[in-house]
Every structure is written in C-alpha cells, then in structure tokens.
Amino acid sequence: MAADDHADRPVIDPAAWVDRHGDRLYRYAVTRLRSPEAAEEVVQETFLAALQSAHQYAGTGAEGAWLMGICKRKVVDCVRRWQRPDAASDSPPPADPADAIIDGGSNWRNDRKLADAQPSANVERAEFWAAFRRCLDRLPKRQAAVFMLRELDKIESDTICKDLNISSSNLWVLLHRARAGLTRCLKGFFDPLEMPQ
Amino acid sequence: MMRSCEEIARLLSESMEHKLTLGQRIEVWIHLSMCRLCAGFARMIKGLRQAIRQGADGLALDASGQPAKLSGDARARIEETLRRRLEGG
C-alpha cells in the first residue's frame, strides 16, 4: 500500500480515537475477554498498533472499521498469551470433573432440571443474559474467551486452532468444558432453545 | 460397549465442531433415544449457540446491566499514552 503519493489520503485523527472509538472497541474486547483490565489493555494496544501502521490505512473503509479489525487481532493475541502460563494443561487429560455435564457423581441421572429444561417464555431476556454473564465469568478465562470467539464470532474451529496454536482436540476439550460448565450453571434457569428473542 | 453419558456429552459437543463418524453418530442417536439427560444437554448446547449468536447485545453489558464502557481512569490513561506517543513521533 504505497499510497504516499496520493494527495487525497484519508485523514485519521488519533487525538479523537478514544472519544470516538474507545467504548466500542472496549465493549468488543470485554465481551470476549471478560476482564476489564485485559480489555483496556487491548484497546490501548489497538490504538498504538494503529498509530504505527497509520501509513497503511488505505482509507477504503471507515476509520472505525479499520480500528476494529486491529482490535480483533489484539483480542486473539491476548487469548494466545493466556495459554502460556498453563500450557501444561493444554494436553487434554482423559477425564476431568469439569467434563461432567452435571455436578456430583451419584445423583446426576436423577437431575430433572437439565433433562426437562424448562420453556422460558416467561423468563426475561435481561435476566437470562445477566445469569449468562455470571456463569461465563465463573469459567476459566481462556475457556470462556475461546468459547466466545467460537460461538459469538463464529470463527471456524480450524482458524481458532491456527490463531491460538492449539490442536483441534485441545480446542474441542476447551469448548466442551465451557459448554458443560455453562449448562451446569444455567440448568433449570431456562431452556435457551425457547429463549425470547 | 455402551458409552457413558460423559462420553456422549463430549461427542455431542464435538459434533458442533466437526462431523462425527457414522459409528459415532449411531451411538449418539441410540443413546439419546434412551437418555433424557443427554438429550437435554444436546438441546441446551445448541440453544446456547443460537442464543449467543442472536443476543450479542446482552453480552456487552457490565455487571449493573449497562452497556460496558471504558472507565474514566482507563480513558485518561489511554489518552495520555496516545498523546505521549504522538508527541514523541
């Protein structure tokens, strides 16, 4: 993108970035990372990276979209950093209490709440999302973030594996634990299939 | 040999990531026809995906239910960092 000869190069205005784009980028990051501190860090990294590559900004899209593209990469970078300290847990252990879809061992077969997931026409949407956010925050942070990248952003499994440098079986274990944890946490609260739109 | 519910649940979750083998699909199908618990789990994980993909707004709220925003402190810190970087060239 050697666009330096363009007289009508698009103008970017870094001084106004925090005001114009800060909250939107933060919201994107915190929804996935669940940690305000990590999300603030990502927003700052996004702006700094944008400053460095400002000359590459082709101006083909809006400034906001360009920044969001950088932000998405920074979120993935953040999740990748999270796996370093506990890289040992990356090899999928054969069994883990977290894999159980119901708490406890003996009485799970009798757990009616999950089996009879209640229709939730009467459950307020806001109430559901509040519970969902609480449940998500109880998961290990990397598990929650990977789950969000997969389910919310619909990033394909293969892409996530490549971006995070993990094997597919590791990804499947992470996603399964997140799903098992969330359904355990939300069981009896509602049947998401019946969730009001 | 029959698989445990834990194994079936793992396969159900995996089936959302890749296509199971024919043998696995048959095992899951037979198990689900007999096990309400796993059938419930199957419904919930699919429902979760559907709910999340339709309800991103509900996820972008803070603990008090307001749209998440940069805190005043964070905003000031980031602005200061940017300003210094801009001045430093």
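Q: How many salt bridges does the rule find across the interface of chain B and chain A?
A: A salt bridge here is a side-chain nitrogen of Lys or Arg within 4 Å of a carboxyl oxygen of Asp or Glu. By that rule, seven salt bridges cross the interface of chain B and chain A. This is a predicted model, in which local features need pLDDT of at least 70, side-chain atom pairs count only at pLDDT 80 or more, and totals for chains, interfaces and linings use all residues; side-chain values use heavy atoms, with hydrogens and water left out. Residues are numbered from 1 along each chain as its sequence is written, while chains are lettered from A and ligands numbered from 1 in the order in which they are written.

Q: Which residue of chain A forms a salt bridge with B:Arg75?
A: The partner of B:Arg75 is A:Asp19, with 3.3 Å between the closest N and O atoms.

Q: Where does the salt bridge of B:Arg77 and A:Glu40 lie?
A: The side chains of B:Arg77 and A:Glu40 meet at 2.8 Å, N to O. This pair runs between chains, from helix α5 of chain B, which holds B:Arg77, to helix α2 of chain A, which holds A:Glu40. Helices are DSSP runs (H or I, at least four residues), numbered from the N terminus. Over all chains, a search of the whole structure gives 20 salt bridges.

Q: How many residue pairs are in polar contact between chain B and chain A?
A: A polar contact is a pair of N or O atoms within 3.5 Å; within protein, one must be able to donate a hydrogen and the other to accept it, and residues adjacent in sequence count only if both atoms are side-chain atoms. Between chain B and chain A there are 18 such residue pairs, both residues being at pLDDT 80 or more.

Q: Which elements of chain B give two or more residues to the side that touches chain A?
A: In chain B these are α1 (5-14), α3 (36-54), α4 (56-59) and α5 (72-88). The largest share, 16 residues, comes from α3(B).

Q: How is the size of an interface often given?
A: It is often stated as the accessible area lost when the parts come together. Buried area uses a 1.4 Å probe and is summed over both parts. Between chain B and chain A, about 4900 Å² is buried, and carbon and sulfur atoms give 66% of that. On the side of chain B, B:Leu37, B:Met44 and B:Leu59 lose the most area to chain A, together 15% of what that side buries. Counted by contact (heavy atoms within 4.5 Å), 47 residues of chain B and 56 residues of chain A take part.

Methods: Buried area = accessible area lost by both parts, 1.4 Å probe.
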